[in-house]
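This briefing covers cavities, a pocket and helix packing in one protein model. Please keep the sequence and the 3D view open while reading.

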Amino acid sequence: MSPQSLSEQWRRERRLLGHLLGETIAHFHGAQSLERVERVRQLSVGLQKGAVPDAFARLGSELDMLSLEQTLILIRAFSYFSQLTNLTEDREALRSIRALRRSDRSQQRGSVDHLHYLLQQAGEPTQRMTDILSAADVRAVLTAHPTEVQRKSVLDLQRRITELLEQREMDAAGSSADCPEGSADDNEDIDLRVAVATLWQTRMLRTSKLSVLDEVDNGISYFRSSFLSQLPRMQLRLKKRYGVQQPVMRVASWIGGDRDGNPFVDADILRATLHRQCAAVLSHYLSELHQLGAELCLSTRLIDATPALHALAQMSRDDSEQRADEPYRRALVGLYSRLAATHETLLGYAPAKPASTTLPAYETPAQLLADLDIVSESLCSHGAQLLAQGRLAQLQTALTIFGFHLAPLDLRQNSDVHEAVVADLLRAARVEADYLSLPESQRVDVLLHELRTPRLLFSPFMDYDALTVKELNIVREAGVAHRRYGSDCIPTSIISKAASVSDVLEVMVMLREAGLCDIAKGSLAVNIVPLFETIDDLRNAPDIMDALLSLPMYREMLGSRQQWQEIMLGYS
């Protein structure tokens, strides 16, 4: 964002946070510390602008005299000031977007509405936009970063400061009186002062590495704070404006499935990741159902629900006299009870708010969606479409996006590991003693023959390398997950450093050991994605894919999934 595009509101917020940070430093470390920070700041600005001839020498002299404690205070002061400034710039960007939406959404570059505008300018009909969005499948992917040092506590405080600035702006807009520029009213801004003071006293960096499950929890926190609520809203807007029925965007994850990115990922981690994701999304659904039950207090003394809705209410086994004339509430009691049973079936324990009746669990998200459709259709039948367009529609849409698994979890492993595992399996089964020494053409022949052979390679009575056991346990756990959460929970297996046709076929052999690939049935339950990373691999990628897609068996298996092949290019 250029300095010219920054508003006066941004400048006021930046000065305010700088003022509060300065007050905090002076309070905890004395006025001299704040004066020292300010001198260094002014000299740095003078050095950058060339306005102070001897700024470099003076700055060096100032820094050389600092003790370790004074140096740390200085570093933290500038670090936190940068963080706080970034918050104000993010808010300025949001203000610009909101202003554009209020005036002309079609001029917001990069937006869906701007794409529609460009298509209209080119003479394309609105149906063209609908067709484009209906064919879109956008996956934002949370990747694993075991070296991540920024703490959730710091992020939470930054979010709190942003919320307080938002509230302050709203309050100022409704009042003719405002605080002087760069100042804070003691009464009105006490929460903001507290947040900045807390941030100053919070350790900025981690002192130890995150575990994989710590990363998983961090990833899930973004779903709770934004994705679970915002993705359904976005999808409903696209549906209303362009008639798009299927979800355009999902958020996938590598965290807990990426063994190439984190060697500590194993079958136990994969199982725990999917368990935590399921717990998060079911908790969200249960909360939404509970609130829907409170909202839909419609009485049959005033409305006439559909027979299907009355049947749903009857099946709930809710015989409360207080709700006898409230079929929607009774029906939602039943939906909550069934989902609570699903929670216990999938997770092994009851939800925090127990169900009031006992009903069979939902086996699939589609079953819950069908019941919600009954509620929606009944509302529309007596003119209450508006009630069907709020929380209920968002919950229906969330189910189509998140299912019972929350986020599609991608598996990823290096091609060298896959070939070592397959070589070990072939050796133990006495199929090929030295698979790794074979040229590519012979590897492909061996793998194709094995894929057509009905018996599996693994035997519980043979000895295998620890790596082989670990990798097979992971793909078996993926098979268990498919049966428990549905195939969307693990849709993809990514091959890092893919360099040959055999790299893809090796993954198929491993998936077959877990029942995720069955040549006889023409079934491939996981999408195999080669990732071409090195310059040579990128140059060879067209020939590799041409050779792979020339295999009749592979084309048949590919057709069992989606008729198209996904690849990744140059991630590293």
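The largest cavity is lined by L142, E215, V216, G219, I220, F223, S253, I255, T273 and Q277. The model is a predicted one.

**Largest cavity**

- The volume of the largest cavity is about 50 Å³, and the count of cavities of 30 Å³ or more comes to 2.
- Helix 9 and helix 10 (267–295) are the elements that give two or more residues to the lining of the largest cavity.
- Helix 9 supplies the largest share of that lining, with 5 residues.
- By residue type, the lining of the largest cavity divides into 5 nonpolar, 4 polar and 1 charged.

**Second largest cavity**

- The second largest cavity holds about 40 Å³ of space.
- Its lining is made by R259, L411, H418, V475, S493, V507, M510 and L511.
- Helix 19 (residues 501–512) gives the most to the lining of the second largest cavity, namely 3 residues.
- The lining residues of the second largest cavity are 5 nonpolar, 2 polar and 1 charged.

**Second largest pocket**

- The second largest pocket contains about 600 Å³ of space.
- There are 21 residues in the lining of this pocket, and L236, K239, A393, Q396 and T397 lie nearest its centre.
- Two or more residues of the pocket lining come from each of helix 9 (212–242), helix 13 (365–381), helix 14 (385–388) and helix 15 (391–402).
- Helix 9 gives the largest share of the lining of the second largest pocket, with 6 residues.
- The lining of the second largest pocket consists of 6 nonpolar, 10 polar and 5 charged residues.

**Helix 11 with helix 12**

- Two packed helices are described by the angle between their axes and the distance between the axes.
- For helix 11 (residues 307–315) and helix 12 (residues 327–347), the axes come within 7 Å and cross at roughly 55°.
- Because of that angle, helix 11 is oblique to helix 12.
- The crossing of helix 11 past helix 12 is left-handed.
- On the helix 11 side the contact involves L309, H310, L312, A313 and Q314, which meet P327, Y328, R330, A331 and L335 in helix 12.
- The residues of the contact of helix 11 with helix 12 comprise 7 nonpolar, 2 polar and 1 charged.

**Helix 16 with helix 18**

- Helix 16 (residues 415–428) packs with helix 18 (residues 466–485) at an angle of about 105°, and their axes are 9 Å apart.
- Angles of 65 to 115 degrees count as roughly perpendicular, and helix 16 and helix 18 are therefore roughly perpendicular to each other.
- In helix 16, V417, A420, V421, D424 and L425 meet L467, T468, E471 and L472 of helix 18.
- The contact of helix 16 with helix 18 is made up of 6 nonpolar, 1 polar and 2 charged residues.

Terms used
Residues numbered from 1 in each chain as written. Predicted model: local features only at pLDDT ≥ 70, side-chain atom pairs only at ≥ 80, totals over all residues. Heavy atoms only, no water. Axes fitted to C-alpha atoms, helices over the stretch in contact; angles between N-to-C directions. Helix = DSSP H or I, 4+ residues; strand = E, 2+ residues; numbered from the N terminus. Parallel < 35°, antiparallel > 145°, perpendicular 65-115°, else oblique. Left-handed = near helix turned anticlockwise from the far one by under 90°. Contact = heavy atoms within 4.5 Å. Nonpolar A, V, L, I, M, F, W, Y, C, P; charged D, E, K, R; others polar. 1 Å grid on protein atoms, 1.4 Å probe; cavity = no way out; pocket = protein on both sides within 12 Å on 5 of 7 lines; lining within 4 Å. Points joined across faces, edges and corners; volume = space filled by probe spheres on them.
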